[in-house]
2 protein chains.
Amino acid sequence: MSPYVPSGELVERAATGETAAIGRLISRAEANMAEARGALAEIYLRAGRSHVIGITGVPGSGKSTLVASLTAKLRRKGSKVGVIAVDPSSPYSGGAILGDRIRMSDLVMDPGVYIRSMATHGSVGGLAHATLSAIDILDFAGFDTIIVETVGVGQDEVEIAKASHTTIVVSAPGLGDEIQAIKAGMLEIADIHVVSKCDRSDANKTLVDIKQMLTLDAATSRLPAWRTPVVGLSSYTGDGYPELVEEIEKHRAFASGVKPSAAREASIASFRLQKTAETLLMDRFATSSARFRKSITERLQKRESDPYSLANELLTLSLG
Amino acid sequence: MSPYVPSGELVERAATGETAAIGRLISRAEANMAEARGALAEIYLRAGRSHVIGITGVPGSGKSTLVASLTAKLRRKGSKVGVIAVDPSSPYSGGAILGDRIRMSDLVMDPGVYIRSMATHGSVGGLAHATLSAIDILDFAGFDTIIVETVGVGQDEVEIAKASHTTIVVSAPGLGDEIQAIKAGMLEIADIHVVSKCDRSDANKTLVDIKQMLTLDAATSRLPAWRTPVVGLSSYTGDGYPELVEEIEKHRAFASGVKPSAAREASIASFRLQKTAETLLMDRFATSSARFRKSITERLQKRESDPYSLANELLTLSLG
């Protein structure tokens with residue numbers, strides 16, 4: 001084990017882009033370490049320059065391949081790219097993603113790319129809070145574009161994808177229940193729709209389905225006057241990627257030029273506030289006396305009191 | 001629209017098993033209505049008899065078919081069964097699930113069965129809180145067994161499945177990333193593993209894989225001395241269902257007889273408390289003055305202050 005480095009010192013090292021410092025700060029955010037809070041607050045105040053792209057889609061939609069290809073494309077344009085994967089099935093272990101076409105390990109070796117998987121289970125202070133902190137850290141450390149990949153199922157996971165500047169929803173042909181799932185909440189969060197695996201013969205049906213849904217529900221876009229594009233692509237042939245990069249640039253330029261962008265920033269801020277408050281609340285409970293914790297859970301468990309009364313007690317105690 | 005019925009009156013109607021009253025109470029929990037809180041608190045105090053079964057698995061694992069078949073089996077044994085589906089792709093719309101073998105509509109017509117889908121997006125007070133309240137309501141209304149189906153991705157979704165007396169994790173052959181996903185957090189929450197679609201020739205590999213993982217990680221079971229079974233079943237042939245029902249009964253009997261059950265109840269209570277506190281906290285923010293809300297999100301958005309300081313302000317205000 002390396003000696004413990006105070007978080008304040010890690011901030012200065014992360015400012016120069018030092019990978020190890022970035023990793024340790026993210027781990028401390030994930031572990032909800034009280035010692036790191038001042039450092040994370042400072043990082044927040046000094047961040048805010050990156051373009052955050054949220055990518056979401058159901059398992060099997062080809063998100064991870066898209067993230068790897070998109071990262072490679074953005075690198076070639078000179079962007080430093082940070083990738084945060086909030087997906088238990090993400091294959092970011094250095095192995096091959098697309099046979100020998102793109103090796104994640106090539107990206108891993110590139111100092112202009114930082115890839116991090118977030119633990120989806122056991123994040124002490126909550127997954128969303130840890131992910132939002134990781135975005136700040138990469139932003140602060142000088143990454144121009146930050147891609148956050150989340151699986152498109154799970155309330156917090158979808159919220160995280162939504163809390164970005166450009167949200168991409170990925171669909172793929174041949175996944176029966178998928179369109180259903182999209183209808184149930186993913187459709188309206190997309191700034192850009194992607195249909196992956198467009199080398200498959202049944203991809204056209206998926207493209208048509210999504211375009212049809214967009215026509216039916218004209219009010220889906222979160223920015224008025226932004227016409228949500230549907231981009232078909234194939235990570236195998238490379239088709240569609242130039243168009244996707246272009247649409248991302250367009251959306252970025254469009255969003256920064258219009259008033260509604262402020263509304264989006266406000267909704268991101270409000271989500272952030274909520275997740276931080278939840279984290280602080282749970283932390284105070286965890287650090288309260290063992291006796292208090294035992295008493296309050298026992299009373300709930302034995303149904304001597306109800307969840308609302310006890311939650312109120314918890315909120316009151318939090319200020320002691 | 002029917003006239004507004006006070007929640008207190010709905011409680012008395014739900015106590016007699018009146019379906020409409022049950023549905024309205026669940027909707028009010030979902031909408032986080034302040035008027036319903038006293039009623040929900042009372043219901044909590046008077047509930048606590050049902051056996052809650054959490055069923056989780058990745059999309060495509062055959063959860064919904066399993067839930068339908070299991071419900072039919074439990075009905076034949078005389079149990080009143082409540083089903084809560086927290087899954088955007090759940091097909092509980094009255095259509096056929098297994099061709100003409102089981103029609104969900106047959107179950108829907110059965111007064112001893114209550115089926116409810118929870119909105120996974122836009123639950124005002126949070127999905128977990130609404131789902132836990134729905135469990136109380138069905139418990140209070142006299143359902144012996146409550147099945148909660150959640151998709152096995154998403155932090156809250158997995159937590160909900162875990163917050164039950166018996167947790168079943170469903171796997172299926174032919175889903176590449178699935179085993180990965182299970183490894184990442186679902187493995188250790190299972191009291192019973194089910195491999196569905198065992199009429200397929202590749203099902204045996206999945207069975208062997210899971211048994212192997214269980215052997216490698218001997219400490220997975222949440223109850224010491226409970227040997228987590230792996231049940232293979234086919235909803236098409238009906239094979240495995242008698243064994244599954246038996247294992248559920250065994251686990252129920254086992255869990256109620258041992259001390260660690262109290263630890264489990266305590267962890268369920270603690271999760272409940274956390275979700276209720278979060279709901280109350282967000283509610284207080286939402287009902288605070290527009291000026292306060294605007295000021296706090298603007299300061300965060302403009303990075304004049306950091307998330308921790310502002311979240312602390314929010315927690316303090318909550319008591320005002």
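Which residue of β7(A) does A:V195 stand opposite? The residue is A:G232. The structure is a predicted model, in which local features need pLDDT of at least 70, side-chain atom pairs count only at pLDDT 80 or more, and totals for chains, interfaces and linings use all residues. Residues are numbered from 1 along each chain as its sequence is written, and chains are lettered from A and ligands numbered from 1 in the order in which they are written.

Strand β6 of chain A spans residues 192-195. Helices (H or I, at least four residues) and strands (E, at least two) are DSSP runs, numbered from the N terminus. Two strands pair if DSSP finds at least two bridges between them. β6(A) pairs with strand β5 (residues 166-171) of chain A in the parallel sense, over 4 bridges. Here A:V169 stands opposite A:H193. β6(A) also pairs with strand β7 (residues 230-232) of chain A, in the parallel sense over 3 bridges.

Both faces of β6(A) are covered. A:I192 and A:V194 are buried on one side, A:H193 and A:V195 on the other. A residue is buried if 20 or more other C-beta atoms lie within 10 Å of its own, exposed if 12 or fewer, and partly exposed in between, with C-beta atoms placed from the backbone.

Two residues of chain A other than glycine have positive phi values. One is A:K197, with phi near 60°. A:K197 sits in the loop between β6 and α9 (203-216) of chain A. A:K197 counts as buried because it has 24 C-beta neighbours inside 10 Å. Phi of A:R303 is also near 60°. A:R303 lies in the loop between α12 (290-301) and α13 (307-317) of chain A. With 13 other C-beta atoms within 10 Å, A:R303 is partly exposed.

Chain A is divided into domain 1 (48-260) and domain 2 (273-317). These bounds come from an automatic or database domain assignment. The contact between the domains takes 5 residues from domain 1 and 6 residues from domain 2. Two residues are in contact if their C-beta atoms, placed from the backbone, lie within 7 Å. On the domain 1 side, the residues divide into 2 nonpolar, 3 polar and no charged. Ala, Val, Leu, Ile, Met, Phe, Trp, Tyr, Cys and Pro count as nonpolar, Asp, Glu, Lys and Arg as charged, and the others, Gly among them, as polar.

In chain B, B:V86 lies in strand β2 (residues 81-86). B:V86 counts as buried, with 28 C-beta neighbours inside 10 Å. The C-alpha atoms of B:V86 and B:I189 are separated by 18 Å, the two residues being 103 residues apart along the chain.
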